[in-house]
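Here is a short briefing on one protein model and its ligand. Please look over the sequence and structure first.

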Amino acid sequence: MSTVALNLADESNPLSQADKPNGGTVHLDGIKRSTELNLSHGRILYLEDVSVSFDGFKAINNLSLDIAPGELRCIIGPNGAGKTTMMDIITGKTKPDSGQVFFGSTINLLEYNEPEIAQLGIGRKFQKPTVFEQLSVFENLELALKTDKRVKASIFFKLKSEQKTRLLEVLETIKLEDSINRQAGNLSHGQKQWLEIGMLLMQEPKLLLLDEPVAGMTDQETHRTAELFLELKGKHSLIVVEHDMSFIKTISEKITVLSEGCVLAEGTFDQVQSNEKVIEVYLGR
Ligand SMILES: Nc1ncnc2c1ncn2[C@@H]1O[C@H](COP(=O)(O)OP(=O)(O)OP(=O)(O)O)[C@@H](O)[C@H]1O
Ligand SMILES: [Mg+2]
């Protein structure tokens with residue numbers, strides 16, 4: 001693992017660092033590198049021939065994938081296809097045995113660890129909500145800024161007016177304006193999921209990875225989540241892994257079907273739904 005000193009902004013003013021969530025420079029093994037996201041090739045994320053094995057089992061097998069800026073990409077596929085492992089690789093939780101993983105056309109994600117990748121602007125939502133149950137909705141969102149590693153003097157932290165504006169915007173986006181002072185532990189499962197997405201949004205991620213976001217939600221919550229994702233698309237790039245095919249039908253443009261660690265098919269909902277191979281390994285079960 002490389003020793004990395006992040007130097008994103010003026011250390012003497014911690015708030016100036018929060019103002020600059022993406023972009024800057026990092027020092028990697030003494031070499032100064034730019035972390036400006038370069039989208040000139042029309043892709044925000046690029047995986048090529050990525051493989052990883054666990055005890056000889058190839059969980060990801062020569063996987064190649066391209067995500068465009070602002071795209072909402074759906075990923076489907078059977079249990080054990082490698083969908084979560086793919087997210088583990090993008091976010092630095094798992095290092096692949098081979099292959100390339102780029103954020104934009106210049107940032108080699110394999111050179112960064114998990115917290116650094118989060119700071120570069122890749123947010124991840126795990127399946128289980130992990131909000132702070134004892135705190136209010138407002139406090140959870142506020143904390144999403146405080147726990148930002150760039151804000152070092154967090155005990156002296158006070159929201160600046162633009163951060164307050166951002167917090168209120170996020171509250172509206174996640175449809176929790178009316179619950180601002182409610183204790184997070186009293187929210188419904190769906191609302192907790194939205195709050196956690198809100199906490200990610202506070203960091204203004206460029207790319208959001210969402211693993212089975214509507215699992216356990218009511219139909220109404222699922223519907224509102226679809227609206228939320230369609231609203232986020234364009235402002236952020238999203239990768240959504242889901243087994244709920246009616247949800248996928250509502251939000252999808254392009255779908256990637258993973259099976260046995262690689263891409264089995266790619267296309268629109270109708271193309272994927274009528275694909276014989278996809279029916280055989282997944283939809284027809
Ligand atoms: N850290 C690990 N150690 C050992 N095996 C692992 C590890 N992570 C994943 N695997 C294995 O890799 C394969 C792919 O798992 P993964 O969780 O990525 O599938 P998935 O497509 O997300 O499935 P699901 O739809 O059930 O969530 C599985 O066989 C799993 O047991
Ligand atoms: Mg999974």
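The points below cover confidence, overall build, the nonpolar core and the ligand shell.

This is a predicted model. The protein chain has 285 residues, with 10 helices and 13 strands. Its average pLDDT is 87.

**Confidence**
- A pLDDT of at least 70 is reached by 83% of the residues.
- Residues 1-23 fall below 50 in pLDDT. This stretch still has 46 contacts in the model beyond near neighbours in sequence.
- Where pLDDT is low, predicted coordinates should not be read in detail.

**Overall build**
- Buried residues make up 39% of the protein chain.
- Take the contacts between residues at least 6 apart in sequence: 65% of them join residues at least 24 apart.

**Nonpolar core**
- The largest nonpolar core holds 68 residues. Ile-90, Leu-195 and Val-240 touch the most other members.
- Helix α6, spanning residues 189-201, gives the most to this core, with 6 residues.

**Shell around ligand 1**
- Phe-54 and Ala-59 are among the residues around ligand 1.
- By class, the shell has 6 polar, 3 nonpolar and 1 charged residues.
- Helix α2, residues 83-90, gives the most to this shell, with 3 residues.

Terms used: Residues are numbered from 1 along each chain as its sequence is written. Chains are lettered from A and ligands numbered from 1 in the order in which they are written. This is a predicted model: local features need pLDDT of at least 70, side-chain atom pairs count only at pLDDT 80 or more; totals for chains, interfaces and linings use all residues. pLDDT is the predictor's confidence in each residue, from 0 to 100. Two residues are in contact if their C-beta atoms, placed from the backbone, lie within 7 Å. A residue is near a molecule or strand if its C-beta atom, placed from the backbone, lies within 6 Å of it. Helices (H or I, at least four residues) and strands (E, at least two) are DSSP runs, numbered from the N terminus. Ala, Val, Leu, Ile, Met, Phe, Trp, Tyr, Cys and Pro count as nonpolar, Asp, Glu, Lys and Arg as charged, and the others, Gly among them, as polar. A residue is buried if 20 or more other C-beta atoms lie within 10 Å of its own, exposed if 12 or fewer, and partly exposed in between; C-beta atoms are placed from the backbone. A nonpolar core is a set of buried Ala, Val, Leu, Ile, Met, Phe, Trp, Tyr and Cys residues joined through C-beta atoms within 7 Å.
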